[in-house]
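Hi everyone, thanks for coming. Today I'd like to walk you through a structure that may be new to you.

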Amino acid sequence: MPRSLFQLSDILSRLPVSLPDRLKRRDATTAVAAPASVRAEPAAHYARPEDSLSISICTESDEDTACCALQKEGQFLARQERWQELSDRIAEADQARFTTPGGMPEAELLAYGARADVVNAVEHALNDGQPRDQRQLIDGVMALEAIRKDHRKDPYLTALIALAHIDIGWVWRGPGLEETVSKVHLRRCAAHFERAATLLSGIAPGLPGSAFLAAADCALFAARRAETLHVADAYARLIDLAPQNHRPMRALGLQMLPRCSGSYPALELEARRTASRTQDIWGSGGYTWVYFDALATDSAAGALVDPQFFIDGLKDILAAHPSQDMANLLSAYCAVALGGAQMDGTTPQTPRQEIASAASWLIRDHLREVHPLIWAHAANGFDNSARVTSLRRFSARGQAQAMSFIAQIFRDEIAHGQKIAITPDGLHVTTG
């Protein structure tokens with residue numbers, strides 16, 4: 001495979017374009033790391049005006065529990081070297097389109113758990129500095145490669161190995177847009193992506209209905225430019241195979257940015273295209289999902305966005321999936337990822353500000369508990385490739401930010417001495 005497929009300068013410039021594929025992995029690892037001892041507890045008191053606010057804090061949702069269990073299952077099967085059983089389990093989940101309550105494909109979670117030890121070992125070795133023994137960086141993935149000797153025709157295990165190469169490639173690239181990355185690291189990144197491309201190209205096209213394999217193919221776009229229509233059509237196929245999963249739609253939006261393989265008109269076109277094709281499931285929500293990360297990543301993406309279409313999509317998303325995971329995701333997105341709506345009574349001046357102001361009704365009408373990790377990730381623009389040194393502090397920061405913003409929403413009531421209590425059965429405002 002020619003090395004020009006993955007130019008070093010292209011890889012250097014495309015974070016957080018890697019976000020969608022990293023997002024699926026990091027969202028899943030959050031479920032593993034999150035403390036499981038407490039499900040929902042009263043919110044801790046913060047300095048005023050938060051002292052006048054009461055809302056439950058959920059440290060582990062049903063979605064977290066499901067993701068954690070599937071990852072642990074995949075990890076267990078890999079550690080026991082029960083490769084055929086793992087492949088059969090991934091195939092079953094993929095072909096039956098099994099998903100978690102939040103729409104995450106079970107096949108992807110099983111596959112991530114199976115390769116997590118290998119990817120994490122490389123990440124830890126690089127975080128500790130360049131190891132003297134280079135075998136620390138290749139032993140794990142070479143052990144995965146050795147599996148193919150006995151399973152060369154297994155498309156699921158081949159794709160699993162390719163995804164491990166992609167993950168390791170991004171570990172070599174490192175997090176952050178502004179960091180200086182050595183040419184050695186970029187070459188290692190490119191080499192892993194090239195190996196992944198070689199592995200995926202060798203899979204016989206005998207599983208055209210596999211969302212798992214389609215997602216693996218789309219993951220390669222995160223590190224190389226391609227013709228806009230080719231990228232859009234590849235993602236359209238993936239979305240058609242897994243329309244309940246909003247993550248490919250979000251990934252498509254990022255790929256349609258000019259810094260990737262698209263343009264702002266292409267972003268708008270694909271958002272409308274996706275909304276039309278997924279209307280029976282998401283209503284107008286397909287438009288919102290395609291713009292979701294693109295708008296948070298690139299403020300210029302708001303030049304063509306239709307704010308009313310986007311807001312209608314927010315409403316349709318919650319109608320389709322009225323979970324607190326979703327309510328927190330959309331609330332934190334509008335409140336934090338878009339720069340925070342200015343809740344000072346002024347009229348929004350831009351489409352982006354108009355969308356951000358939806359945080360008010362999202363919180364008042366739909367939020368019933370706070371999921372701190374979602375709010376913490378929103379502060380990073382949902383770039384979950386950012387390193388988290390302490391999950392407890394990261395979660396506490398998200399909780400504090402959520403409480404502060406929710407108090408802002410109810411600032412008029414609080415200023416008049418009223419107490420705000422948000423419970424599972426709704427909003428309660430009482431005189432203090």
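I'll begin with the chain as a whole, then turn to a helix, a hairpin and some salt bridges.

A word on where the numbers come from. This is a predicted model, in which local features need pLDDT of at least 70 and side-chain atom pairs count only at pLDDT 80 or more, while totals for chains, interfaces and linings use all residues. Residues are numbered from 1 along each chain as its sequence is written, and side-chain values use heavy atoms, with hydrogens and water left out.

So, what does the secondary structure of the protein chain come to? We have 21 helices and five strands; these are DSSP runs numbered from the N terminus, with helices being H or I of at least four residues and strands E of at least two. The protein chain has 432 residues, and 56% of them count as buried. Buried means under 20% relative accessible area, exposed means over 50%, and partly exposed is in between, with a 1.4 Å probe and protein chains only.

After α16 comes glycine 339, with a positive phi near 95 degrees.

Now please find strands β4 (residues 418-423) and β5 (residues 426-431). They run antiparallel and are joined by six bridges; strands pair if DSSP finds at least two bridges between them. Two residues make the hairpin that connects β4 to β5. Lysine 419 has threonine 430 in β5 as its bridge partner.

On to charges. Side chains of opposite charge can pair when their charged atoms come close. How many salt bridges does the structure hold? There are 14, where a salt bridge is a side-chain nitrogen of Lys or Arg within 4 Å of a carboxyl oxygen of Asp or Glu.

Let me show you three of them. Arginine 250 pairs with aspartate 293, their closest N and O atoms being 2.6 Å apart. This pair links distant parts of the chain, with arginine 250 in helix α11 and aspartate 293 in helix α14, 43 residues apart. Both residues, arginine 250 and aspartate 293, are buried.

Next, aspartate 240 and arginine 277 form a salt bridge with closest N and O atoms 3.1 Å apart. Here the link runs from helix α10 to helix α12, across 37 residues. Aspartate 240 is partly exposed at 46% relative accessibility, and arginine 277 is partly exposed at 29%.

Finally, glutamate 268 and arginine 272 both sit in helix α12, four residues apart, about one turn of the helix. Glutamate 268 is buried, at 11%, whereas arginine 272 is partly exposed, at 37%.
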